[in-house]
Amino acid sequence: MVMDIHARQHVIRLAGRPLLLGIVNVTPDSFSDGGLYLDPNAAVAHAVQLVEEGADILDIGAESTRPGAVPVEATEELRRLIPVVRAIAKAVAVPISVDTSKASVAKAAIDEGAVIVNDVTGLRGDPAMVDLIAQTGAGIVLMHMQGSPQTMQQAPEYQDVVEDVAVFLSERVQYAIERGVAQSQIILDPGIGFGKVLVQNLDVLGQLPRFIQLGYPLLIGPSRKSFIGQLTGQPVEDRAWGTAAAVAIAVEQGAHILRVHDVGAMCDVVKVAVAITRRKTSSLREQHA
């Protein structure tokens with residue numbers, strides 16, 4: 001089932017609760033599930049399973065952005081990605097996001113049914129991307145990353161990581177709007193694990209209201225990241241519990257979208273975190289009534 005761009009974005013705006021963005025990597029080298037879904041049939045089956053578990057959006061990527069990842073040519077990214085986007089768009093009714101920083105790849109994916117572009121470079125990677133987003137009306141995730149995937153974890157430095165990231169995101173928003181992107185198209189992501197060491201990730205996750213103050217939906221992607229492994233000592237495949245803690249904290253602070261691998265488990269985490277947060281808010285109102 002294929003929905004047009006405006007219908008899919010309408011679903012996102014009307015949800016009224018944090019959304020779960022399920023991850024579908026069609027890469028041989030992603031840090032968590034590289035190589036598992038290279039076959040289009042396997043990718044589609046995984047996507048359908050994620051939706052059945054509660055995914056509100058699917059994020060499909062064909063180029064790894066893990067620390068140290070080697071870039072791939074657009075032709076190879078297209079070869080991996082487009083058959084999967086085409087098949088998934090026909091198989092599910094949820095919005096599809098494509099994780100790419102190349103305008104040519106994004107355009108091909110949008111033509112096949114994607115309605116959001118998740119650009120880890122924040123529109124810095126390809127000068128043509130901002131015009132594509134403005135012209136198509138697709139959603140755009142503007143993410144913060146210090147450096148590139150090849151360099152981002154080589155001693156990243158900040159004066160104040162939270163304020164520095166907030167200033168960067170504000171500048172990216174202004175850049176996009178000045179070039180014709182509508183405010184309603186923009187989603188922000190402070191980039192957990194992208195050019196940030198353990199304490200910097202913790203600072204960002206602990207101060208999400210600063211990014212929410214910018215006035216745009218906030219996407220948080222803590223799933224199975226290395227900072228969780230540093231804190232728990234767990235390998236990538238055993239980081240669901242640590243991810244759950246980060247997701248719950250993000251929900252309590254008002255995050256709008258959670259990008260996760262373990263959708264079924266995180267769906268329960270979000271439900272409980274939302275219930276507690278709403279009850280807390282309700283009780284405070286009652287006390288001050």
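**Close-ups of a predicted model**

**View 1. Helices H3 and H4 run roughly parallel to each other.** This is a predicted model, and here we zoom in on H3 (residues 74–91) and H4 (residues 103–111). H3 passes H4 in a right-handed crossing.

**View 2. Here's who meets whom between H3 and H4.** On the H3 side, look for Ala74, Glu77, Leu78, Leu81, Ile82 and Val85. Their partners in H4 are Ser104, Val105, Ala108 and Ala109. Sort the residues of this contact and you get 8 nonpolar, 1 polar and 1 charged.

**View 3. Leu81 sits in the largest nonpolar core.** That core has 74 residues, and Leu81 and Ile88 touch the most other members. Helix H6 (residues 161–178) supplies the largest share of the core, with 9 residues. Leaving aside residues up to four places away in sequence, Leu81 touches Val26, Ile60, Gly61, Ala62, Val98, Val105 and Ala109. Another core, of 9 residues, lies apart from the largest one; Ile57, Ile116, Leu219 and Ile257 are among its members.

**View 4. Helices H10 and H11 are another roughly parallel pair.** The axes of H10 (residues 240–252) and H11 (residues 263–287) come within 9 Å and cross at roughly 30°. H10 passes H11 in a right-handed crossing. Residues to spot in H10 include Ala244, Val247 and Val251, while those in H11 include Val270, Ala273 and Val274. This contact divides into 10 nonpolar, 2 polar and 2 charged residues.

How values were computed. Residues are numbered from 1 along each chain as its sequence is written. This is a predicted model: local features need pLDDT of at least 70, side-chain atom pairs count only at pLDDT 80 or more; totals for chains, interfaces and linings use all residues. Side-chain values use heavy atoms; hydrogens and water are left out. Axes are lines fitted to C-alpha atoms, for helices over the stretch in contact, and angles run from 0 to 180 degrees between N-to-C directions. Helices (H or I, at least four residues) and strands (E, at least two) are DSSP runs, numbered from the N terminus. Angles under 35 degrees count as roughly parallel, over 145 as roughly antiparallel, 65 to 115 as roughly perpendicular and the rest as oblique. A crossing is left-handed if the near helix is turned anticlockwise from the far one by less than a right angle, and right-handed if clockwise. Contact means heavy atoms within 4.5 Å. Ala, Val, Leu, Ile, Met, Phe, Trp, Tyr, Cys and Pro count as nonpolar, Asp, Glu, Lys and Arg as charged, and the others, Gly among them, as polar. A nonpolar core is a set of buried Ala, Val, Leu, Ile, Met, Phe, Trp, Tyr and Cys residues joined through side-chain atoms within 4.5 Å. Buried means under 20% relative accessible area, exposed over 50%, partly exposed in between (1.4 Å probe, protein chains only).
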